[in-house]
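Here's a quick tour for anyone opening this model for the first time. Take a look at it, then read on.

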Amino acid sequence: SLSEDQDTPADGEEAWSKHATMFKEFGKVGVKKTIAFTHDKDVHCAIDYEEGSEMLPTGTELAIERYNITGVETFAKEMEEKGLGKPKVSLQFELSSSGITQLIKAEAAVEEIYTVEEEVEVDDDEEEEGKEAAAAEDGEKKEDEATTEEKKEEAAADDEEKKEEEAKTEDAAAEGEATKEEGDATEEKANETKAEPKKKKKTKMVEKEKKRMHKRPLNVVTYHVGQVQPYNEQIMAESAEKLLKLAQKDKERMMLEEARNKVESYIYEIKNKLSDYEEDIAKISTEEQREALRKSAEEAEEWMYDDGYNADLATMEDKYSELSEPAEKVWFRMAEMTARPKAIEDLKTKLGKVGELMTKWETTMPQVTEEERAEVAALVEDVNKWIAEKEEAQSKAKPTEDPVFVSADVPSQTKPIEKLVSKLSKKPKPKPEKKKEENETKAEGDDAANKTSDEESTDDLDKEEKKDG
């Protein structure tokens with residue numbers, strides 16, 4: 001509801017007020033609505049629940065929020081001094097997605113209509129009037145000439161009848177020529193129409209109405225009545241801090257559950273692998289190592305249902321590290337037992353292909369010199385030496401201990417070779433030399449007769465070589 005911001009109305013005047021239902025029951029949320037009215041005084045706005053609503057629990061207070069809206073009266077006086085009308089006040093309300101209703105915008109506006117002079121382009125009327133007068137005189141002359149022509153036409157009527165009979169006896173070719181002449185005449189008339197001069201223009205000043213909108217944001221002071229009051233800044237800060245603490249506790253609880261699941265899952269992983277891969281694990285571990293893994297899994301399982309039931313996050317993470325570190329070493333040696341020989345085999349195959357490529361380049365890439373190919377071969381030999389050394393060292397090491405080298409170390413050995421081969425493959429081919437003309441121009445006069453037999457033989461040899469080519 002709306003009312004004027006004054007204690008008592010003037011004598012004989014009824015207090016100004018307005019009442020409207022902004023948002024109905026079961027309506028959409030997250031919407032905005034605006035009410036507008038013409039007024040020149042400051043107003044008071046109250047948002048309340050509809051009295052008598054069956055949706056409200058018993059004892060619910062109707063008052064929601066109150067607003068003192070000022071600035072209307074001052075703005076109205078300014079507009080009155082300019083000779084303008086009363087302001088139009090617009091109040092925008094929002095029903096948020098949380099179901100909270102509040103005033104979010106208050107504004108007053110006055111429309112001003114004013115005139116301005118603008119320069120526009122129009123037809124030159126004086127020239128048009130002169131043309132119309134000249135056309136009227138020509139019309140009178142044509143009427144006099146028409147009377148004289150009527151007499152001449154009567155006298156020539158007989159001649160025209162004779163000509164018409166002659167025209168009927170003409171052939172189709174004559175008709176075609178007549179049609180062409182009519183077309184030419186029509187085209188000439190169209191060209192004459194196009195050639196008519198454009199109308200002259202002139203400019204003149206005219207008055208036009210325009211609109212200007214004067215707007216003024218209004219001052220809004222919010223307050224509340226009744227027992228239900230909004231949070232102040234202190235309570236809001238305390239509530240926000242409490243929510244952060246609760247969120248942190250939720251996060252720690254989820255992390256603890258995840259850590260507990262990891263420990264429990266790893267216990268079953270140790271038991272299952274010791275059973276499923278018994279032969280492979282026996283090749284790279286001692287009986288003492290396997291027994292230690294079984295014992296650690298059994299003890300961790302008992303701990304989970306005893307002290308571990310109420311263990312915190314840090315304790316659960318430490319238990320996982322204690323359980324997984326020795327087991328992961330065994331799983332890694334088992335995986336390397338097959339991965340390492342496979343990596344060595346792939347490396348040797350790659351080195352063989354590099355050797356084949358260097359042999360092929362002897363004919364297909366002559367721009368790569370023998371020294372450069374030898375440099376590649378030297379790098380290949382270095383890698384072969386590395387393979388031999390590592391394989392020999394690994395064969396001497398115990399399979400139950402950490403390996404001398406791992407499969408991940410093998411592929412990187414060819415990087416220097418790949419870099420050099422890539423560089424040589426981009427080496428440009430030498431440009432072909434232009435063939436010198438071996439046949440000389442025959443000399444004129446006596447020089448041609450004095451050629452030796454050796455020169456003649458050389459010419460013949462050149463011709464034969466060309467034929468063979």
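## Starting at Gln394

Helices here are DSSP runs of H or I with at least four residues, strands are runs of E with at least two, and both are numbered from the N terminus. Gln394 counts as buried because its relative accessibility is 15%. For accessibility, buried means under 20% relative accessible area, exposed means over 50%, and partly exposed is in between, using a 1.4 Å probe and protein chains only.

Leaving aside residues up to four places away in sequence, Gln394 touches Arg340, Pro403, Val404 and Phe405. A contact means heavy atoms within 4.5 Å.

## What kind of model this is

This is a predicted model, where local features need pLDDT of at least 70 and side-chain atom pairs count only at pLDDT 80 or more, while totals for chains, interfaces and linings use all residues. Residues are numbered from 1 along each chain as its sequence is written, and side-chain values use heavy atoms, with hydrogens and water left out.

The pLDDT is the predictor's confidence in each residue, on a scale from 0 to 100. The protein chain averages 81, and 74% of the residues score at least 70. Over residues 448–469, though, the pLDDT is below 50, and this stretch has 7 contacts in the model beyond near neighbours in sequence. Where pLDDT is low, the predicted coordinates should not be read in detail.

## The chain as a whole

How many helices and strands does the protein chain have? The tally is 11 helices and 9 strands. Of the 469 residues in the protein chain, 21% are buried. Among contacts between residues at least 6 apart in sequence, 76% join residues at least 24 apart.

Two packed helices are described by the angle between their axes and the distance between the axes. The axes are lines fitted to C-alpha atoms, for helices over the stretch in contact, and the angles run from 0 to 180 degrees between N-to-C directions. The axes of H8 and H9 (residues 370–396) come within 11 Å and cross at roughly 160°, so the two helices are roughly antiparallel to each other. On this scale, angles under 35 degrees count as roughly parallel, over 145 as roughly antiparallel, 65 to 115 as roughly perpendicular, and the rest as oblique.

The crossing of H8 and H9 is left-handed, a label used if the near helix is turned anticlockwise from the far one by less than a right angle (right-handed if clockwise). On the H8 side the contact includes Arg340, Ile344, Leu347 and Trp361, and on the H9 side it includes Arg373, Val376, Ile387 and Gln394. By class, the contact has 10 nonpolar, 2 polar and 5 charged residues. Here Ala, Val, Leu, Ile, Met, Phe, Trp, Tyr, Cys and Pro count as nonpolar, Asp, Glu, Lys and Arg as charged, and the others, Gly among them, as polar.

Pro341 also lies in H8, and is partly exposed because its relative accessibility is 46%. Pro341 and Glu391 are 50 residues apart in sequence, yet their C-alpha atoms are 9.3 Å apart in space.

What about H10 (residues 415–425)? Its angle with H8 is about 25°, with the axes 12 Å apart, so H8 and H10 are roughly parallel. H8 passes H10 in a left-handed crossing. Among the residues in contact are Leu351 and Trp361 of H8 and Val421 and Leu424 of H10.

Asn261 is in helix H5 (residues 233–276). With a relative accessible area of 43%, Asn261 is partly exposed. Asn261 and Met316 are 55 residues apart along the chain, and their C-alpha atoms are separated by 9.8 Å.

Phe26 is in the loop between strand E2 (17–18) and strand E3 (31–38), and at 73% relative accessibility it counts as exposed. The phi of Phe26 is near 65°, a positive value in a residue other than glycine. Most residues other than glycine have a negative phi.
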